[in-house]
Amino acid sequence: MFVSDCRREFYDVIVTQRVLLLVASDVDALCACKILQALFQCDHVQYTLVPVSGWQELETAFLEHKDQFKYFVLINCGANVDLLEILQPEEDTFFFVCDSHRPINVVNVYNDTQIKLLVKQDDDLDVPAYDDIFRDEEEEEEDSENESEGSEPSDKRRRFEEDVIERTMKRRQRREWEARRREILFDYEQYEYHGTSSAMVMFDLAWVMSKDLNDMLWWAIVGLTDQWVQDKITQMKYVTDVGALQRHVSRHNHRNEDEEHALSIDCTRIAFDYDLRLALYQHWSLYESLCNTSYTSARLKLWSVQGQKRLQEFLADMGLPLKQVKQKFNSMDMSLKENLREMIEESANKFGMKDLRVQTFSIHFGFKNKFSASDIVYATTSLMENIEKEGPETTNFIKALDSLSRGNLDKLHQGLDLAKKQLRAIQQTVASCICTNLVISQGPFLYCSLMEGTPDVKLFSKPVSLCLLSKNLLKSFVCSTKNKRCKLLPLIMAAPMDVEQGTVIMVGIPPETESSDKKNFFGRAFEKAADSTGSRTLHNHFDMSIIELKTEDRSKFLDALISLLS
Amino acid sequence: MEPAEVEFLAEKELVTIVPNFSLDRIHLIGGDLGPFNPGLPVEVPVWLAINLKQRQKCRLIPPEWMDVGKLEEIRDQERKEDTFTPMPSPYYMELTKLLLNYASDNIPKADEIRTLVKDTWDTRMAKLRLSADSFVRQQEAHAKLDNLTLMEINTTGTFLTQALDHMYKLRTNLQPGESAHSQDF
């Protein structure tokens with residue numbers, strides 16, 4: 001059931017208990033976790049943090065801890081499946097689910113006792129009405145009782161006929177109801193999409209309790225920006241949420257305008273920015289950033305020689321000398337940096353890049369440290385999905401979690417370096433895929449598969465990196481192809497996951513259109529195809545559109561998908 | 001003594017906070033504290049004030065000497081005099097550090113205050129070094145310095161006493177030779 005008063009029904013209940021936090025592996029969940037941890041530290045709540053990256057880990061963690069805890073908080077996992085069936089908990093365990101995955105499973109919505117959903121009510125949820133899906137079983141029993149009643153023989157025959165008619169009517173009604181129910185559920189669960197970021201929900205909870213700080217606001221901003229960077233929400237939703245956060249930003253940061261009462265330079269300051277969309281440009285050189293941001297490299301078609309020439313023209317149009325542009329951004333001449341944003345926007349309009357500027361936020365503390373929200377998102381993602389194993393499984397998660405705190409700037413800088421490597425790897429892979437025509441149209445969708453020997457292919461065995469790669473690839477493909485029909489197709493991307501076990505990780509992403517609603521039907525499609533072909537698949541990830549399967553089953557799986565979707 | 005120990009002693013000083021929760025009087029070994037009522041200022045030791053501030057349960061009010069005008073006067077006076085002037089609090093350095101680290105958003109003009117306190121500290125340390133230097137040179141037997149705070153004494157204390165011990169040993173090693181001489185004569 002939905003929690004209407006977050007504070008009373010959620011926080012006040014757990015503040016006196018020991019709680020188990022199960023946190024999914026994405027930046028939005030990390031930010032929500034940080035906010036919740038800060039609130040717990042204020043009130044001395046005892047909690048245990050368990051990072052989970054898939055359903056199997058969730059189940060093992062639950063089985064391990066179910067004897068010690070009665071209250072479980074799930075962040076960015078668990079809303080889109082029937083939790084009670086998967087976990088089989090006792091009667092007195094309670095689950096608080098704060099998840100941005102939609103659609104929310106109907107059992108979770110209508111369960112009154114054990115599952116509480118921390119979700120904003122004004123998200124367009126479209127949950128089907130209770131009566132359409134659930135039906136009391138009592139009516140069945142009444143029928144059978146009537147049948148077994150004995151009575152006089154003369155009336156018996158008449159009553160028998162009436163009973164038969166009644167029963168067939170009821171059976172027909174029941175069948176109609178069930179058909180309608182299947183249809184409603186199919187429509188409801190067909191498309192996967194994302195709702196409000198969990199970090200923003202947690203920040204609202206902190207705000208309601210008047211414990212919101214600038215730091216927590218920053219984490220909420222990073223959570224929202226993560227959803228935008230990974231293309232999980234529509235542009236309109238992003239702009240609406242940015243507006244909501246902007247109100248909080250001005251409330252917390254208005255003192256910086258006034259010279260008299262300005263805060264110490266060490267205090268965190270957040271500012272609203274209408275900033276460039278170039279990834280990590282303030283920590284890199286402008287040239288590298290232009291080459292490695294998907295938006296610019298797709299529009300300028302930087303994988304071809306023509307594209308490189310266009311880039312040079314673009315820079316010349318702005319009057320930026322190559323020597324300046326190729327050095328670190330902080331060392332560029334001040335005169336060039338001052339009007340950079342306006343200059344770039346003007347020139348970008350001429351080259352077909354109308355949305356080069358985007359509304360975002362930046363944080364500023366001390367004299368040296370200025371970061372934009374998307375920088376932090378890229379840094380944290382690459383820390384979390386770092387393929388270099390440095391210890392037990394969870395060190396990457398903990399490192400990424402730590403890098404979000406102000407005091408751990410060294411981890412943040414390490415994350416920025418890893419992010420640069422990752423972005424370069426993505427661009428090179430995209431360029432090679434497009435130049436060698438690896439993206440083939442299979443009919444209802446486009447398909448691309450990475451071979452094992454491809455450089456940096458190990459980076460793409462992780463789900464979030466592979467998703468970023470696929471989205472970039474689709475954007476670039478749409479800009480490069482002349483086939484109008486292909487531009488509207490979705491993409492399925494496959495990459496080798498574990499060479500020894502022979503598994504492949506596959507993601508499906510929706511088509512790239514101007515006003516797409518980011519709804520993804522691949523979750524259900526993958527499930528059906530796996531069932532029909534008996535392929536050995538593992539639907540482990542919280543996003544249903546990411547699966548792992550055995551390399552041998554790949555071709556029959558794809559054939560089943562083609563026939564399913566055509 | 002370690003500087004951390006001096007800071008620990010400094011945390012016993014009282015500072016005013018404005019809590020946002022309510023609690024009855026609490027009875028601790030060191031004394032009674034409270035009662036706490038939201039919006040009403042109350043005096044508590046610094047260790048409790050910092051803990052409550054970190055848990056977002058109060059707002060700190062800077063002590064009255066932590067003000068740009070007053071600190072400028074103190075700094076100027078320190079620079080004029082040759083001896084040490086009395087400081088507004090025997091733990092001014094530790095309190096400044098603690099309050100500015102954890103509660104700088106409650107203290108107006110925090111950066112300037114930090115600079116002024118550091119200036120005063122530097123002047124006093126320079127005077128201390130000068131006085132230790134002249135003490136050693138003139139081989140005085142004892143010296144008296146007024147208005148020093150525990151933190152300042154602590155920075156030179158160990159070094160100065162050990163150095164003087166060494167010098168005493170070196171000096172007494174010269175003496176037996178002389179006295180032996182004089183006796184033989």
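## Chain B: a surface patch

B:Leu9 belongs to helix 1 of chain B, which covers residues 3-10. In this predicted model, B:Leu9 has a relative accessibility of 32% and therefore counts as partly exposed. Together with B:Met1 and B:Phe8, B:Leu9 makes a nonpolar surface patch of about 330 Å².

## Chain B: overall form

Chain B has 6 helices and 5 strands. Their order along the sequence is α-β-β-β-β-α-β-α-α-α-α. The radius of gyration of chain B is 23 Å, whereas the globule rule gives 16 Å for 185 residues, so chain B is more spread out than a compact globule.

Along the principal axes, the C-alpha atoms of chain B fill a box of roughly 85 × 40 × 20 Å. Of the 185 residues of this chain, 36% count as buried.

## Aromatic rings

Over all chains there are 19 aromatic pairs. One of them joins A:Tyr281 and A:Phe329: the ring centres are 5.1 Å apart and the planes stand at 85°, so the pair is edge-to-face. A:Tyr281 lies in the loop between strand 8 and helix 12 of chain A, and A:Phe329 lies in the loop between helix 15 and helix 16, so the pair links distant parts of the chain, 48 residues apart. Both A:Tyr281 and A:Phe329 are buried.

The ring of A:Phe329 also has the charged end of A:Lys337 over it, 5.4 Å from the ring centre. Elsewhere, A:Tyr191, A:Phe521, A:Phe522, A:Phe526 and A:Phe557 form one aromatic cluster.

## Salt bridges

The structure holds 31 salt bridges over all chains. In one of them, the closest N and O atoms of A:Lys211 and A:Asp43 are 3.4 Å apart. A:Lys211 and A:Asp43 are both buried. A:Asp231 and A:Lys518 also meet in a salt bridge, at 3.4 Å from N to O. This pair ties together parts of chain A that are 287 residues apart in sequence. A:Asp231 counts as buried at 18% relative accessibility, and A:Lys518 counts as buried at 18%.

A:Glu527 forms a salt bridge with A:Arg524, with 3.5 Å between the closest N and O atoms. These two residues, A:Glu527 and A:Arg524, lie in helix 22 of chain A, 3 residues apart, or about one turn of the helix. A:Glu527 is partly exposed at 29% relative accessibility, and A:Arg524 is partly exposed at 24%. Salt bridges with shared partners also join A:Arg536, A:Glu552, A:Asp553 and A:Lys556 into one network.

Terms used: Residues numbered from 1 in each chain as written. Chains lettered and ligands numbered in written order. Predicted model: local features only at pLDDT ≥ 70, side-chain atom pairs only at ≥ 80, totals over all residues. Heavy atoms only, no water. Phe/Tyr/Trp six-rings, centres within 6.5 Å; stacked < 30°, edge-to-face > 60°. Helix = DSSP H or I, 4+ residues; strand = E, 2+ residues; numbered from the N terminus. Buried < 20%, exposed > 50% of the residue type's maximum accessible area, 1.4 Å probe, protein only. Lys NZ or Arg CZ within 6 Å of the ring centre and 35° of its normal. Patch = residues over 30% accessible without salt bridge, like charges linked within 9 Å, V, L, I, M, F, W, Y side chains within 5 Å. Areas by Shrake-Rupley, 256 points an atom, 1.4 Å probe, with all protein chains shown as cover. Salt bridge = Lys/Arg side-chain N within 4 Å of Asp/Glu carboxyl O. Rg over C-alpha atoms; globule rule 2.2 N^0.38 Å.
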